[in-house]
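This report is written for a reader who is meeting the structure for the first time. Please look over the sequence and the model before reading on.

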Amino acid sequence: MKAESHHDTHSEASANVLPAVLHSVDILSMRPSPSFWIISVARALAVIVLLIGVFVLAAGYLDGAYKNALSALSGMGPGAGAGFLFAGLGLYLQCLESGRLQRIGVPICAVLLLLVGGGALLQTSGMIAFSPSDPQVLDIHPACAFAFMLAALILALRDWRLRTDLYPAEYFACFIIGMNLIALLGHAYRLDAMMQLLQQHTVPLPSTLTFIFLGIGCLMSRPTHHLMATVVRNAPGGQMLRRSLPQMLALLFLVNWLVDWGARQGYYDYRAVSPLLILINCALILLIFWRTAARVDQEYGARIHNAAALAETTALLIAVSDNTRDPIFVKDNQGRLIFANPATLKQFDKTWDKAIYRNSRDLYPDSAEADQIDVEDTRIMRTKVSETLEQTLHLHTGVVTYQTTKAPWLDKHGKVLGVVGISTDITDRKLAEDSLRERESQLEKTVIERTTLLRELTNHLETVREEEKQSIARELHDNMGASLTALSMHLETVYKIFPPEEKWADRKNRIQTLLNTLVLTTRRIQTELRPNMLDLFGLKAAIVEQLDELSQRSGLICKASMPDEEVTVGHQMEIAIYRMLQEILNNVTKHAQASKVDVILDVDEDRLALTVRDDGVGISEERRSNTATYGLRGLRERATFFGGDVDVRSGPGKGTTIAIEIPLAPPTGL
């Protein structure tokens, strides 16, 4: 019953939480927010206002006909130009990202604008005069001066809001736009009262348009504030305002102006203007709203279709997450759990209500493990890189090992919202791996023991073989050598009784040659079996003797490089080095087709190195890697017995270099 309660409660929670987790973007409108483009337009309007101010100021500093022509074109004086310059600059800085330049520059522009507008109003009222030589230095229409003061307030209060989430700066901008629209309509319909705005002078048309640009730019510079947010967002209201309102205003203004123009041209009586305007305005409003309703209905149908597809996808995801045995979870950027499938809740032994919005220390019994999990989550959110981790946790069910894949949860702007993870229980596999590792350890221990026994056996066999060789060499020296010497002495007596004939002299030479060859062969066999030079004078003398014998026997040029000091290594290692050199030189004689052999013996504090280099045909890679041949395999086995290594470097036609390196300290187990 408890498990069913967990599942039912979580299924209801999954239906509410899963769509929000998996769809962090706006599912009703996949188009990007237009805020960037709106701010870009606001910057362009700021540049226009700034250029107009520069143009008016430049006209004020010209002389003669140029000054009169440009002043007549703009209808504004230097004061208005300075005001638009400060307003355009402040608006442009307001559109930049928050920084020191914006924090300092915008308030300065607001203060300068306030001085221009306030000074103009004071000069108009006659309370102050700035320059007797140019009494009209701030000759600005009072309505324009008031608009400059409102613009200063907009810059000063750009991000200040009331408790009702209303921004006064937006309403000041709307007031500037509305006031100048009245003047613009006055210019369009040639109505003095509207053009003068209840003053004695007409507001210049360029000034009116510039203030409208300024007000629109101030609104668009803050697209997230209350009024502009309604237009910017992708909700139906914002889309209807962006699509229908500009069309409706433009059409109404154009139609009303055309109706008034027709009456002024005398095409119909002025008494028909009102009925015509009512009829046309109603038709236009009906047409525009009908079209807007059709578009809203079309979008509503598409959203219903998308909502149905989303509901189907959500149901599928809920079914997958609820029926999988792997824990699936989502955490926010503060490490709190905001989604968990039943497997995760079973892992924590908690219901959904008790697990939601809990951090790791509230969910995991071991605080150290919880802190480690938080460290991993923080690293993944900081690096924005997915990771696969292995975690061993002490839970209420026992020690469990999970393989967890965690990924950063990002919104459509790349901002980190949290971590998404899925875990797989690999406890059984880890136990099997531990058992296999233990068996491997036991097998490795057994192999080491067997290797030690084999080394001892090999050492014993090598000792027995060397003793047998020594015994045979001693027999050859004591018995065979003595017999050959006695035979030579007896033959000397026999030679004296040979008749003094040529055939007996030739036979005597043959007998002596055969006897000398037999003696040399016996000595060579004796030396190969057990070199007396090695026992009597050491390794260096034995190597020199071996090279001399090879040079006499094969004609090779043999050179030896030996250390100056005496080589003092163990007798067993001396025999091994001698036998390895013997094997190498035999291979050179049989296969290398070389003309020169260099032997280098080097001994330092902890190693002995023997290098043999010839100029023969070389050894192919296939022969070097062939473990079936006894020569190289025997070298490696002898070197490995002492913990050493054999390196064979060769190439076709480049000769062969065999380097043997043996540590002087014997390996473990010898």
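This is a predicted model: local features need pLDDT of at least 70, side-chain atom pairs count only at pLDDT 80 or more; totals for chains, interfaces and linings use all residues.

Residues are numbered from 1 along each chain as its sequence is written, and side-chain values use heavy atoms, with hydrogens and water left out.

**Strands.** Helices (H or I, at least four residues) and strands (E, at least two) are DSSP runs numbered from the N terminus, and two strands pair if DSSP finds at least two bridges between them. The two antiparallel pairings described here both involve β4 and are set out below.

| Pair | Residues | Bridges |
|---|---|---|
| β3 and β4 | 387-395 and 398-410 | 9 bridges |
| β4 and β5 | 398-410 and 416-425 | 9 bridges |

A hairpin through 2 residues leads from β3 to β4, and L395 has G398 in β4 as its bridge partner. On the β5 side, Q403 stands opposite T424, and the hairpin of β4 and β5 has 5 residues between the strands, with G414 taking a positive phi near 85 degrees.

**Helices.** D377 lies in helix α16 (residues 367-383), and it counts as buried because its relative accessibility is 4%, where buried means under 20% relative accessible area, exposed over 50% and partly exposed in between (1.4 Å probe, protein chains only). The side chains of D377 and K406 are joined by a polar contact of 2.7 Å; such a contact is a pair of N or O atoms within 3.5 Å, and within protein one must be able to donate a hydrogen and the other to accept it, with residues adjacent in sequence counting only if both atoms are side-chain atoms.

**Loops.** Which residues have a positive phi without being glycine? D349, in the loop between α13 (342-348) and α14 (352-355), has a phi near 60 degrees, and with 39% relative accessibility D349 counts as partly exposed. Q593, in the loop between α21 (571-592) and β7 (596-603), has a phi of about 55 degrees, and Q593 counts as exposed because its relative accessibility is 67%. Most residues other than glycine have a negative phi.
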